[in-house]
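Dear colleague,

I am passing on a structure for you to look through, together with some notes on what was found in it. Please open it beside this email and follow the notes with the residues in view.

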Amino acid sequence: MNDFTFFESASFTQDFLKEQYQLIEKEDVASSKSYMNSYRFMYHIQHGQLYYTQAKQAPVAIKPMLLFYGVSQLLKACILKYDPDYPAKSSVLSHGVSTRKRKKQGYSFLADEVKVQQDGLFPHLMQKMFHMKPNQYSDKYSMALLFKQLPPMQDAFVHLLSEQPYYYGTLHENQTLTFPSSVLDAYHMTAERFKDYLISYGYNHSLNISEQRETIVLHPIDVLKERNISPLLFVNENTYALHSAKTEYMKLPTLMVYYLVLYNLSMICRYETEWWGERLHTLDCDEMPFIKNFLDLVEKDSQHVVLTKLLQR
């Protein structure tokens, strides 16, 4: 049984959508729109999972395209929770991002950029699902900066580029979280200023930060768990990550990072077959480990992230 199995029931799906729509529509409208959207919602999920199934079996050469379509289909189901009228106009059916068509000599994937468009799925998702402006930070995002929003990519930066994008904090049994005190030096902040910095991103004012020898101590931990998107990136049950350079942090949802990178990779494997083929068949390329690491991460993690967002109250 996969995590989306409950959405194979039309009655469950309709009730699920109706409950969401009642928050934004009148009872009769919510009922009619949930009925109208339920099968479309289910087909998006089923179609998306077919792409994932094929991606698991596919060679790396075509895996980015399959994963991009898989993620896109699940996101189209997800947007129906937040926007019962999707697609209200044809302009939201485009991808919503673009990339340069021709890869010039000396091209570097990590330096490559995707550009956010005014219309399309990406800006629509940002506005409806995350209540953010599509170009809140920039209208262009480099692959390296996007990878640095994903803590599991840390090892690739450390081993291949000798960069360390994150400080890792540790959650202790006494419900405190500690980071190395060098964080304050990197951020050019005192402990009190660092507290204000976190509060500015929505943490509760009851958050306390103190310095103890070579560490800074954050508590209570319940305050830290209140935010889904913040400078502190939750990694697992006992670990948090914090960008080693404050300027590299973007309040960009993980799903949107996946979407942007997969879009670029899917375009490359479809239309830049010479460059892509050369990278796949040469060992003299430090960028392929980044790409393969990212594809593995998306394959393992993205469906869970979509489902979490879908079931979020």
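D112 is buried, with a relative accessible area of 0%; buried means under 20% relative accessible area, exposed means over 50%, and partly exposed lies in between, using a 1.4 Å probe and protein chains only. Although D112 and D85 are 27 residues apart in sequence, their C-alpha atoms are 35 Å apart in space.

Please keep in mind that this is a predicted model, in which local features need pLDDT of at least 70 and side-chain atom pairs count only at pLDDT 80 or more, while totals for chains, interfaces and linings use all residues. Residues are numbered from 1 along each chain as its sequence is written, and side-chain values use heavy atoms, with hydrogens and water left out.

Next come the aromatic rings. A search of the whole structure finds 23 aromatic pairs, where rings of Phe, Tyr and Trp (its six-membered ring) pair if their centres lie within 6.5 Å, and planes under 30 degrees apart count as stacked, over 60 as edge-to-face and the rest as tilted. The rings of F16 and F41 have centres 6.1 Å apart and planes at 50°, so this pair is tilted. Because F16 lies in helix 1 (residues 10-21) and F41 in helix 2 (residues 27-57), the pair ties together parts that are 25 residues apart in sequence. F16 counts as buried at 10% relative accessibility, and F41 is buried at 0%.

F147 and F290 form a stacked pair, with 6.0 Å from centre to centre and 15° between the planes. This pair links distant parts of the chain, with F147 in helix 5 (residues 143-147) and F290 in helix 12 (residues 287-311), 143 residues apart; both F147 and F290 are buried.

Finally, how many of the 18 residues of helix 10 are buried? The number is 15, so helix 10 is largely enclosed by the rest of the structure. L255 is found in helix 10 and counts as buried at 2% relative accessibility. Leaving aside neighbours within four places in sequence, L255 is in contact (heavy atoms within 4.5 Å) with several residues, among them L75, F130 and S302.

Best wishes

Definitions and conventions
Helix = DSSP H or I, 4+ residues; strand = E, 2+ residues; numbered from the N terminus.
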